[in-house]
Structures are given as structure tokens and as C-alpha cells.
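Let's take a walk through this model together. Have the sequence and the 3D view open as you read.

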Amino acid sequence: MTSNYPSFPDYSSSNPDPVAPARPKPVDTSFMLWIANAALGLIGFLVTVSVGREATRTQIIEQLRAQGETFTESQVDSLVTAGIIFAGVIAAVFFGLYLLFAFKMRAGRNWARITLAVLGGIGLIFGLIGLAGGTGNAIEMILSVVQIALIGGAIYFMYTKEASAYFDAAKRRP
């Protein structure tokens, strides 16, 4: 018995999916530098929050006094806690996005590479401005230099010839 339906070619065996390109070492190096920078930024945030709590408290009291506000110690403590929680939420979202971009870049997503390059470039500019301004203590200055080196290296390795070939090959696969 013959069928009236046309037969369609079997694409599963004749057109295999392109194999994912092998990830070159510069992409892995860039990924590790982005992760190291993210970890350093997170550690810096936690240290700033823990050490800067009293400075934040003093600043809030000065602002309330300048506005002629009356306040209690518990109100000041609540404002400090709310500020820290707000900063923590913002930092967690930023850290999560940073990791997402780094993992997507490592997977060959060119949009993530571009996003990291733009955000890294902005970070480099602000880091260099901070160094030129000379604000902060010696530890903050050293951390800034390290972060500038990490970001600069990560961007460099993302755009080496080998890495660019990897991202180009990744664009061609579905």
C-alpha cells in the first residue's frame, strides 16, 4: 500500500549540528580574571560595609542635624541598616549579572564579551580617575591597581586572535 503523503528527507543524519568550537586558553584566562575581579569586588564591598558602618552612622547623624531633624538612636540604627540592606541588594544583583556575563562570554556569546568590554572599560576609567584623585587609603589604592590590572587583562584576553576566532565560530552554530 502506497502513501499519498510525500516523503521528507531525514535531516538528522545528513545534516548534523555543527560541533561547538574548542574554547581557547585566552578565553579561559579572561574568564578567570573576570571571576577574580568579581570576587575582589565582593570582598571589598563586604569589608567596606563592615568597617564603614560607623562612618555611615556618623554621616547620617550629621545630615539629620543639618536638616534640623530630631532623631533617636534607634532611628539612626534603622537608617543605617536600611542603607546597608539596599546597598547589599544592589551589590548582589550586580555581582549576579557580572557572573552571568562572564559565564556567557566563556560559552562563546559575543554579546556577553561586548557587555563585559564596555562595563570593564567604564571600570577602568573610574579606577584610573580614582587613582589620579588619590582618594582613599593605601589598601584601597592597591586594590584599585589590582582591579585595573585584572580588568585590563580580561579585556585583552577576550580580544586576542584565538579568542576572536572562537567567538566567530560560536556565532555560526545554532
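Start with helix H2, which bends by about 55° at Gly 52. Keep in mind that what you're looking at is a predicted model.

The largest pocket holds about 1,100 Å³, and 36 residues line it. If you want to find its centre, look for Leu 40, Gly 41, Gly 44, Phe 45 and Gln 147, which lie nearest to it. Helices H2 (25–66), H3 (73–106), H4 (110–133) and H5 (138–158) each give two or more residues to that lining. H2 gives the most, with 13 residues. What sort of residues make up the lining by class? You'll find 23 nonpolar, 12 polar and one charged.

Next, the packing. The largest nonpolar core has 21 residues, and Val 27, Trp 34, Met 105, Leu 116, Ile 155, Met 158 and Phe 167 are the ones that touch the most other members. The elements giving two or more residues to this core are H2, H3, H4, H5 and helix H6 (161–172). Once again H2 turns up: it gives the most to this core, with six residues.

Zoom in on Val 27 to see some of that packing. Leaving aside residues up to four places away in sequence, Val 27 touches Met 105, Arg 106, Ala 163, Tyr 166 and Phe 167.

Key: Residues numbered from 1 in each chain as written. Predicted model: local features only at pLDDT ≥ 70, side-chain atom pairs only at ≥ 80, totals over all residues. Heavy atoms only, no water. 1 Å grid on protein atoms, 1.4 Å probe; cavity = no way out; pocket = protein on both sides within 12 Å on 5 of 7 lines; lining within 4 Å. Points joined across faces, edges and corners; volume = space filled by probe spheres on them. Helix = DSSP H or I, 4+ residues; strand = E, 2+ residues; numbered from the N terminus. Nonpolar A, V, L, I, M, F, W, Y, C, P; charged D, E, K, R; others polar. Bend = angle between axes of the 7 residues up to and from the residue. Core = buried A, V, L, I, M, F, W, Y, C linked by side-chain atoms within 4.5 Å. Buried < 20%, exposed > 50% of the residue type's maximum accessible area, 1.4 Å probe, protein only. Contact = heavy atoms within 4.5 Å.
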